[in-house]
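Q: Please take me through this model, and for each label tell me what it rests on.

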Amino acid sequence: MFKLKYQDVSRSPINTMHNLNPLARSSGKQATYGDRVEQLEDSNLWQKSVRAHLAAGRTFDVNLIPLIAKVPLGEIIIDEDIQRRLEVKHCSNTIGGAKFDPRYLSALICAKSPTTGKYISIDGQQSGSTVASMVHAGLFNTDDWKTLEYPVQYVVTDDLSFARKAFGIVNGKGKLKQSKYNELRTAVFCIRIDGNTDDEDDVKLERKVSIAETHDCFAVEQHSGLARKPGTFTHISLFMALSESELDMAFGWHNKYFHYEIVHNSLFPIFRALTRDFEAAKIKVTDTLLEEIAGLIQNLFGDLEQFQNGAQSAVRQWSRARYGYDVKWSDEYVAPVLLQLYKKMGGEEEIPLSLLERFHDPKTNTNIASFLDQEILDLAA
Amino acid sequence: MAHAGPNSGIYFPVVLNGHTPHIKKLESLIKTQWLDRTFITRAGWKTEWLRENEDTEAFLKDLMNVIIDRHYRIEIYIRDYDFLKR
C-alpha cells in the first residue's frame, strides 16, 4: 500500500511569467554602440583589462582592423594547411531542399599577401566552394564562377602563423558561442514575430515552446533573473530532445503538482523514460502513478532537485559497493532510481522491468534505490 | 538556517530542525527564489545574510508559511538561540 499521498500546495493567483515571458514577444529594445560603451565601462572586469593595456603603454592602429573587398573567386587560394578539408556532405546539405538562400552566405575571410597581392582563404571555403560549384552547375544567374566577385574580409600579412591563429578564432576558439537558448529564441521569433514558417525545424520548436507555455512553463536564459521564477527552465538541450507528447506530459505533471517550483532538469529524463520505456513495454502511465510519484517526491525530498541529489549520492554508494570505484553520474540513472524507490515504498502501479531491473545486482539482490540515504529508506520500513 | 551576525545588525535567533532533504530544499529556496532578500558575504566564512531592509520576524513568518503550505517536515527547534554565545 502506497502511503505517500500528495498534498495540495496553494497556487499563486498571479503568475508574473505571463507578462515577463521573453519568448512571447520582441523586447522592442534597441541599443547603440554608445549604450554598449557605457555598459562595458561600468564593468570592473573591463576596466581591469583596459588598465593593463594602458600600464603597458599598448595602443592599437585602426588601420589594422580587417578590410572589406570584392575579389573574383578564381583569384583566391585555399591553404590546405590552414583550412579544414572540403566537407562535401556539408556543402550538399547547405543547398539541399528549399532552405538555401544566398542571403545566408557569409563573407570569406582571407589573408592578403603584401608581396604577391594574393588572397589566401582562412575561413569560408565551404561557402566559396558551394557558390562556385552552384554557378558551375547553372544554379546562379551568372556563367563563370572564376570572375564572380565575392565579398572578402581580409588583413594584409605574409605571416601565416597569424592566419592559422585567425582560423582558430573564426572557428570557435576564443569566440563566444551561441547558446542553445539563443538558437531557440531565433527559431521562435522567426515564427512569432516574423511569421516565417518556411523552416520545419523552427515550426516544431515553436510548437514545443507553446506546449510548455500551455502548462505555465517558460524557457528562459541560464543565469537570467527570470530563471529563479517558478515554472521556468533553462536546460534547452534536454527540452529539445523530447517529443511534443513527452513534453506535454512532463510540463502537465510539473504544473499540476510542482507549480511553485523552478522546472528541474531531471524532469526531462524522467518523462523520457516514463513514455519510451512504458510504451515499449506496452504499459500505460496511469494518473495514479503520476500522482503517487508526485507524493513520493514531495514527502521524501521536497522537489526534484533534492531527489536528484539523493539519487547521485546513492549511485556513488552503489558503484563503490559493486565495482569499487565511482561511476560517472548521468541522467540515465534518474528514472530507474525513482521507480525502484516507488516500488520500495509500496507502489502498486505496473512499472516496466527494464526500469526496475536496470542497475540491479542479482548477487546481492540490491539496486541503486537500496543505497539511498537511510533517513529515506527508514520511511519505507 | 544561517543567521545574520554582528556585522549586519540583524540577529536571527531561530534554529530549524527536520527531515534533511526538506531542510536542504528550504535552504535552496532561500538561495534561489529568495535571492533578492539575502546577500552573501565571502569575507570570513561564506554564508547568507539578510538584507538590511529585511525584518527577522517577517522573514521567519514567510519561512513558516512556506513550510506549512508545502508540507515540509520542518519545525522550529530553538526560538532564542544566541549564535554569539555558542
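Q: What makes the crossing of helix 8 of chain A and helix 10 of chain A left-handed or right-handed, and which is it?
A: In this predicted model, the crossing of helix 8 of chain A and helix 10 of chain A is right-handed, because a crossing takes that name if the near helix is turned clockwise from the far one by less than a right angle.

Q: Why are helix 8 of chain A and helix 10 of chain A called roughly parallel to each other?
A: Helix 8 (residues 200-214) of chain A packs against helix 10 (residues 244-257) of chain A at an angle of about 20°, and their axes are 9 Å apart. Angles under 35 degrees count as roughly parallel, and therefore the two helices carry that description.

Q: Which residues of helix 8 of chain A and helix 10 of chain A meet?
A: From helix 8 of chain A come A:R207, A:K208, A:I211 and A:A212, and these meet A:E244, A:L247, A:D248 and A:F251 of helix 10 of chain A. By class, the residues of this contact are four nonpolar, no polar and four charged.

Q: How many residues of chain A are in contact with chain B?
A: In chain A, 15 residues are in contact with 13 residues of chain B, where a contact requires C-beta atoms, placed from the backbone, within 7 Å.

Q: Which helix of chain A gives the largest share of the side that touches chain B?
A: Helix 12 (287-300) and helix 13 (304-323) of chain A each supply at least two residues of that side, and the largest share, three residues, comes from helix 13 of chain A. The side of chain A that touches chain B has five nonpolar, six polar and four charged residues.

Methods. Residues numbered from 1 in each chain as written. Chains lettered and ligands numbered in written order. Predicted model: local features only at pLDDT ≥ 70, side-chain atom pairs only at ≥ 80, totals over all residues. Contact = placed C-beta atoms within 7 Å. Helix = DSSP H or I, 4+ residues; strand = E, 2+ residues; numbered from the N terminus. Nonpolar A, V, L, I, M, F, W, Y, C, P; charged D, E, K, R; others polar. Axes fitted to C-alpha atoms, helices over the stretch in contact; angles between N-to-C directions. Parallel < 35°, antiparallel > 145°, perpendicular 65-115°, else oblique.
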